[in-house]
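Colleague: Can you walk me through this one? I'd like to start with the strands, then move on to the contacts.

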Amino acid sequence: MAEPDKLEAVLWLTFTLGGFIAALFIPVIIVINNLAPGIGALSQEIVSYDSMLARLGPLARIFFLIVVVASIYHGMHRFKFVLFDIGLLKFKTPIYVLTYAIIVISAMIAIYSLILIPNP
Amino acid sequence: MASQKTIKIRVKRYIPEKAEEPFYSEYDVPYSEDMVVLDALNYIKDNLDGSLSFRWSCRMGVCGSCSANVDGKPKLTCSSFLKESKGDSILVEPLSHFRTIKDLVVEIDVFVKKLKSIKPWIIRNEEKPIADGEYLQTPEQRDLIKQTSMCINCMLCYEACPVFDMDNDFIGPAAAAISYRSVMDSRDDGAKERLDILTSKHGVWDCTYIGECSVVCPKAVDPALAIQKLKAMGGISIIKSLLPKKK
């Protein structure tokens, strides 16, 4: 009797969730931070570093952490598949270790950075 | 009388009792606009070289027997018209992701084993007596499985799949699409059983969603989509099984 691969299921569902979060929020962040001030829809002052920092409460920090980690997770999972597609499936285990290590390290850097950024 | 127009058919041959390595044979075949590659192969077999081996049956894109690479692309030879060829010759080769037995005939046991593993029949918890009639479906229920029901087991999707090329254990596109059809069938009670197989180590997880399987399918089945849906269904089913059960 075939046993379901629970780990793969969790990894894949996290990948889809990461894609959902990235697709939903990254365009919004790009519009608010870059496009809207560029076309004059938002004043430069509102999106300035100091102004954004003043709004960076605990919830905003958690939001950015989720967006960053989810996007990196999604990207690395996809990158793993790209490596398989170019013929590296025989190196499956090292590729898993490499891609998930990058995710963990990136998450740690993201957490550390968000803690380091001073409170308003 | 004008001389008959001909076209060159180049066939990759493999005759293990004659030569260890494959070789190519070229044949000049009378050309007409309505001819397909299978017609040309049959002309060669009947008139030029009786030793040429290939599978075929229905000649109308239904049986899925005559799959081969035509000019490097996985196709049914019965549905590939000679006039579609851009050059003055056509290259016909066996499916490369399967072991060649002879010429264009490949070993299909790998695929049949996969097909058998996903139990491509209706599984019922309880069979009703024949006297009670058929298991009826509404048009909406039928629509859910219509597309994947079109699969003819031609294995062209396996030829197009780079993952199957690297890992023969991968369940692959057709078996997954046929499973999806069964899982979604309103008459079937075997969804859990099949999802356990499909979400196992050699199930659907290795699909990298290149989508070439759906591109080459001669019956417009979309195995790539079926696999993604199975991943979602299987994943959710696994997560549910990990949650504490209600008493």
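**Strands, domains, helices and chains**

Modeller: Let's start with β3 (residues 67–70) and β4 (residues 73–76) of chain B, which run antiparallel and are joined by 4 bridges. Keep in mind that this is a predicted model.

Colleague: Which residue stands opposite N69(B)?

Modeller: That is P74(B), in β4(B).

Colleague: And how many residues sit between β3(B) and β4(B) in the hairpin?

Modeller: There are 2 residues between them. One detail in the turn: D71(B) has a positive phi, about 50 degrees.

Colleague: Switching to domains. Where are the bounds in chain B?

Modeller: Domain 1 covers 6–106 and domain 2 covers 109–242. Their C-alpha centres are 30 Å apart.

Colleague: How many residues of domain 1 of chain B are in contact with domain 2?

Modeller: In domain 1 of chain B, 14 residues are in contact with 13 residues of domain 2. On the domain 1 side, the elements giving two or more residues are β3 and β4 of chain B. β4(B) gives the most, with 3 residues.

Colleague: Now helices. At what angle do α6 and α9 of chain B pack?

Modeller: About 60 degrees, with the axes 8 Å apart. α6 spans residues 173–184 and α9 spans residues 223–242. Because of that angle, α6(B) counts as oblique to α9(B).

Colleague: Is the crossing of α6(B) and α9(B) left-handed or right-handed?

Modeller: The crossing is left-handed.

Colleague: Which residues make the contact?

Modeller: From α6(B): P173(B), A174(B), A176(B), A177(B), S179(B), Y180(B) and V183(B). From α9(B): P223(B), A226(B), I227(B), K229(B), L230(B) and M233(B). By class, the contact between α6(B) and α9(B) has 11 nonpolar residues, 1 polar and 1 charged.

Colleague: Last topic, the two chains. How many residues of chain A are in contact with chain B?

Modeller: In chain A, 15 residues are in contact with 18 residues of chain B. On the chain A side, α1 (6–38) and α3 (58–88) each supply at least two residues.

Colleague: Which element gives the largest share of that side of chain A?

Modeller: α1(A), with 5 residues.

Colleague: And the classes there?

Modeller: The side of chain A that touches chain B has 8 nonpolar, 1 polar and 6 charged residues.

Conventions
Residues numbered from 1 in each chain as written. Chains lettered and ligands numbered in written order. Predicted model: local features only at pLDDT ≥ 70, side-chain atom pairs only at ≥ 80, totals over all residues. Pairing = 2+ DSSP bridges. Contact = placed C-beta atoms within 7 Å. Nonpolar A, V, L, I, M, F, W, Y, C, P; charged D, E, K, R; others polar. Domains from an automatic or database assignment. Axes fitted to C-alpha atoms, helices over the stretch in contact; angles between N-to-C directions. Parallel < 35°, antiparallel > 145°, perpendicular 65-115°, else oblique. Left-handed = near helix turned anticlockwise from the far one by under 90°.
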